[in-house]
Amino acid sequence: MSGLDNAHREYVGSLFRNHYQWLCLRLRRHLGDGGAEDIAADTFVQLLSAPVAEPIRQPRALLTTIAQRLMYQLWRRRDLERAYLDALRLDDDAQAPSPEELAQMLEALQIIDNLLDGLPAKVKATFLLSQVNGLTYPQIAEQLGISQRSVSDYMAKAIHRCLKASLE
Amino acid sequence: MSNEQDRLVEQATRWIVLLRSGQASEAQRQAFLAWRARDPRHDELCLRLERTLGVFQVPIAQGVDGGVLQRALEAPSSRRKVLQRGLLGVGLMIGGGWSLAPSFESLGADFSTGIGQRQTVQLDDGSELVLNAQSAADVRFDEQRRVLQWRGGEGLIHVAADRRPFVLHTSGGEVQARDARVLLRDRDARCRVGAMDRALQIVTRGGDRLQLQAGQEVDFDRYRFGVVQALRSADSAWVNGLLEVRDRPLSEVIEALRPYRHGVLRLDPAIAGLRVSGLYRLDQSDRVLDALSRTLPIRISRRSDYWVTLLPA
């Protein structure tokens with residue numbers, strides 16, 4: 001471990017001592033008791049693994065930003081969980097997942113959600129039928145009631161997005 | 001990203017779109033392999049894409065249909081998600097360059113409960129908000145107005161007296177209140193609002209208006225109002241963790257239990273209309289199901305704790 005890493009650890013340690021209680025208190029309003037401590041702890045873990053070049057001028061502003069982002073992720077996870085369970089419930093062919101499978105699936109869903117975020121619904125639908133169901137373009141065109149040309153265009157959008165994400 | 005990298009991504013996109021079509025010839029397949037082998041960067045990009053797409057092995061292995069996945073991804077994405085993206089874009093710019101100074105004001109405004117959680121929140125103006133499980137709301141107060149943006153779920157709002165009007169935004173329209181207790185449910189684009197002690201004004205998104213008197217409740221969506229009815233005390237029993245029903249369809253009981261359960265709970269339509277009466281604890285939904293199966297002509301099929309189906313006996 002380099003001297004810089006050590007200095008960073010010590011610095012985050014001091015931030016933790018000075019601001020952890022404050023952060024928990026602010027978060028508790030939104031998340032109840034257990035959730036607040038989890039997010040507050042995760043906030044410092046993220047800070048610990050982030051590269052820091054210079055001293056942070058406004059530690060509380062930074063902690064707020066990280067905590068906010070973690071909270072939004074938690075909320076999106078809840079939204080996805082509810083929507084996924086609803087979709088499973090309404091799908092006659094769906095198989096009963098084990099608790100482990102469900103947990104795995106929810107984690108995957110959040111990654112996929114981030115990956116495809118912002119793409120139009122038709123693009124997502126097209127890509128998922130290709131990627132998950134393994135359908136050909138003529139099959140996708142028929143199922144979605146669109147032209148094969150559109151299927152190609154939509155696939156190009158989705159693949160382009162995935163390639164870009166692969167380079168980040 | 002450099003122009004060179006952009007060009008690579010364009011090329012790779014064209015190849016992969018062609019190969020996925022199900023109509024690529026053997027010669028085209030060979031040509032792609034040759035392209036991939038020509039330059040280590042081509043191969044590297046393909047490998048990276050395979051890693052990125054590895055996450056799809058989870059639904060494929062579990063036999064989850066792409067259509068189910070699609071519906072799940074369509075989960076209402078609130079403003080929060082936009083914010084999340086924005087923040088991700090900012091990244092962790094730590095150090096001297098750190099000048100963005102978000103306050104806890106914006107964070108201080110959003111509330112959300114997960115499965116099986118209830119929460120009481122005190123707002124800055126003295127109002128109180130009780131959230132049922134799986135519910136969310138954002139608070140936007142300024143000098144002129146107090147706006148509560150309802151993101152879905154169920155809540156009891158005790159609106160404090162204040163010179164500023166209090167407006168509750170729901171999926172179906174706006175509810176205006178002053179120094180009043182409001183009961184709200186907003187799920188799947190259907191709203192139910194109850195006026196517990198003072199009259200409320202409701203305006204649907206379509207522009208229809210209604211004055212709801214104290215002790216009344218009404219269902220509405222963005223297009224129309226349902227019939228105004230007397231508010232039932234049972235409607236706010238959830239605040240105390242209770243589910244109180246008198247001669248209501250089984251489907252209503254199941255809907256009330258859903259926010260309290262992880263996993264799938266299915267109800268056979270043949271028994272959805274069975275009438276139910278009773279007082280149940282929301283926090284013990286499995287016991288509620290067992291109790292129902294003893295008093296109604298239904299049986300419970302538990303394939304796992306996460307997959308429960310109610311069937312005719």
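**A guided tour of chains A and B**

Select chain B first: of its 313 residues, 32% are buried, that is, have 20 or more other C-beta atoms, placed from the backbone, within 10 Å of their own. The model is predicted, and local features need pLDDT of at least 70, side-chain atom pairs count only at pLDDT 80 or more, while totals for chains, interfaces and linings use all residues. Residues are numbered from 1 along each chain as its sequence is written, and chains are lettered from A and ligands numbered from 1 in the order in which they are written.

Next, select the domains of chain B, whose bounds come from an automatic or database domain assignment: 3-73, 104-234 and 241-312. Between domain 1 and domain 3 of chain B, the C-alpha centres are 45 Å apart.

Now select residues 66-73 of chain B, helix H5. Six of its eight residues are buried, so H5 is largely enclosed by the rest of the structure. The buried residues are B:Gly66, B:Val68, B:Leu69, B:Gln70, B:Ala72 and B:Leu73.

Finally, show the contact between the chains, which takes 72 residues from chain A and 70 residues from chain B (contact: C-beta atoms, placed from the backbone, within 7 Å).

Note on methods:
Two residues are in contact if their C-beta atoms, placed from the backbone, lie within 7 Å. A residue is buried if 20 or more other C-beta atoms lie within 10 Å of its own, exposed if 12 or fewer, and partly exposed in between; C-beta atoms are placed from the backbone. Helices (H or I, at least four residues) and strands (E, at least two) are DSSP runs, numbered from the N terminus.
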